[in-house]
Amino acid sequence: MTDTVPPGPPAAPTQRAADDGRVELIPGAYPHDSRFANDDLKPIPLAERHWTTYNFAALWVGMAHNIPSWTLASGLVALGMDWKQAVLTIALANVVVLLPMLLTGHAGPKYGIPFPVLARASFGLRGANLPALIRAAVACGWFGIQTWIGGQGIFVLLNEVFGGAWADASDIGGYPWTLWLCFVAFWGLQLAIIHRGMETLRRFENWAAPFVLVGAVVLLVWISDKAGGLGPLLDQPSELGWGADFWPVFFPALMGMIGFWSTLSLNIPDFTRFGKGQRAQVWGQTLGLPTTMTAFALLSVLVTSGSQAVYGEPVWEPVELAAKADNVFGLLFALVTVLVATVSVNIAANVVSPAYDLANLAPKLINFRTGALITGVVGVLIFPWKLIETPELYIFVWLGVVGGLLGTVAGILVADYWVVRRTALDLADLYRPEGRYWYTGGWNWRAVAAFAVGGVLAVGGSHSDPGEGPFPRDGLIPFLEPLADYGWAVGLGAAFVVYLGLMWSRREQRP
């Protein structure tokens, strides 16, 4: 079949719209026998879309309150910023990333479809596997990182409970076997929760969000009481100032902070598909993401300030600080808080997406639970402990490159859904070969071309200092090196423009 979209509406109605604009398939319209369909990928019926503003806000509170979020500000301070610059950078990044989050999230409550199915409209039924597998690979990396950090947290706190005996265990692969035990136990706990499905996740996030928030405030009250105040850190000047030394650090750091949540800006339909309406997802995300991340960054700086007053040096790691509690109850409370916080973000942000993405690869062989298990295995095989060895590797290499590639996909999704199609999709054709989203053999080469152009511009100039990253000092493609510090924005903007140009030249009819 050619890549010309079939003109006109379907021969018979396949979907109906509610008064609020949300759409669902009519009975019998869902092609269960299609090789591109299974129960996890099918549109959620209107009656089952019941997540509220609180559910989405709680989801973000639960995801934002985690150890890597806590250490984002500390990583920026380690690069020379003062606390005001670090918090400002994180706040601005989350306001910026909120916009594509809301734009791609719109398709969720309107059509009840997950991210890989939405991507079929722009990339084609087969081509959607390209962005889906990229997103899945990134999520597997993040799952491994968060699981390793959570396992470390459990190890440190239990080591204090048992009087240091755990740290004295014999090494395996350079780490005590007790650390590996904590890592594996934490890994299994997360997969056990996600195995029970999305409703279990929603209920978990509802109570996890306030619990973790209380835990963080308790840590602030505890350290403030011991310090007799918040210490001198708030008065320390920036090593970079606000001049020529600041901006070369600020822009790549900003892109790295955007890259921290750029993953969710793609697959947020995996969650918003359960929303009871657009108002719920818009207000829930707006109230939950930028406010929570900014407040949590500020909280981390305040607690670290108190730690400097108490211990003579700033303790940036929340687990290390919690381990200094002088009673067993405090240690156990800190342990539970770390567990809940890390499980909350890791399952929601890094297991749900690849589970759907891998199911999209082979719907008849892989379901949501199988995809989650594959994610867990791959997350271990990527050696996550290597990805977070230094702030430079973590922020500039990992977050920067990830943000560049995912920004490119976001540009294509936003251009297709909002400009080319004006938010109008044919649900049944998203699951049917030879329909309007089949293009050429299931691939829309225009989306692939836009991704290639945006991806090369976004990450082609990736560079790192010797010994601090895998890239050449002058960049993979030297003349693109100046663009690398703006990877997410470059990728999104370039892919957006190229895709629109190619699609408009095609004179495609919207469904």
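Helix burial and packing

Tutor: In helix α14, the buried residues are V352, S353, P354, A355, Y356, D357, L358, A359 and N360. Here buried means under 20% relative accessible area, exposed over 50%, and partly exposed in between, with a 1.4 Å probe and protein chains only. Helices are DSSP runs of H or I with at least four residues, numbered from the N terminus. Helix α14 spans residues 352-361, and nine of its 10 residues are buried, which leaves the helix mostly covered.

This is a predicted model, in which local features need pLDDT of at least 70 and side-chain atom pairs count only at pLDDT 80 or more, while totals for chains, interfaces and linings use all residues. Residues are numbered from 1 along each chain as its sequence is written, and side-chain values use heavy atoms, with hydrogens and water left out.

Next, a helix pair. Helix α6 (residues 129-161) and helix α9 (residues 247-267) have axes that come within 11 Å and cross at roughly 135°. That angle makes α6 oblique to α9. Axes are lines fitted to C-alpha atoms, for helices over the stretch in contact, and angles run from 0 to 180 degrees between N-to-C directions; under 35 degrees counts as roughly parallel, over 145 as roughly antiparallel, 65 to 115 as roughly perpendicular and the rest as oblique. The crossing of α6 past α9 is left-handed, meaning that the near helix is turned anticlockwise from the far one by less than a right angle.

On the α6 side, R135, V138 and W142 meet F260, T263, L264, L266 and N267 of α9, where contact means heavy atoms within 4.5 Å. These contact residues divide into five nonpolar, two polar and one charged. Ala, Val, Leu, Ile, Met, Phe, Trp, Tyr, Cys and Pro count as nonpolar, Asp, Glu, Lys and Arg as charged, and the others, Gly among them, as polar.

T263 belongs to helix α9 and counts as buried because its relative accessibility is 2%. Beyond its neighbours within four places in sequence, T263 is in contact with R135, V138, W142, V402 and L406. T263 and M101 are 162 residues apart in sequence, with their C-alpha atoms 9.5 Å apart.

R422 counts as exposed because its relative accessibility is 52%, whereas Y439, at 3%, counts as buried.

Conventions
Helix = DSSP H or I, 4+ residues; strand = E, 2+ residues; numbered from the N terminus.
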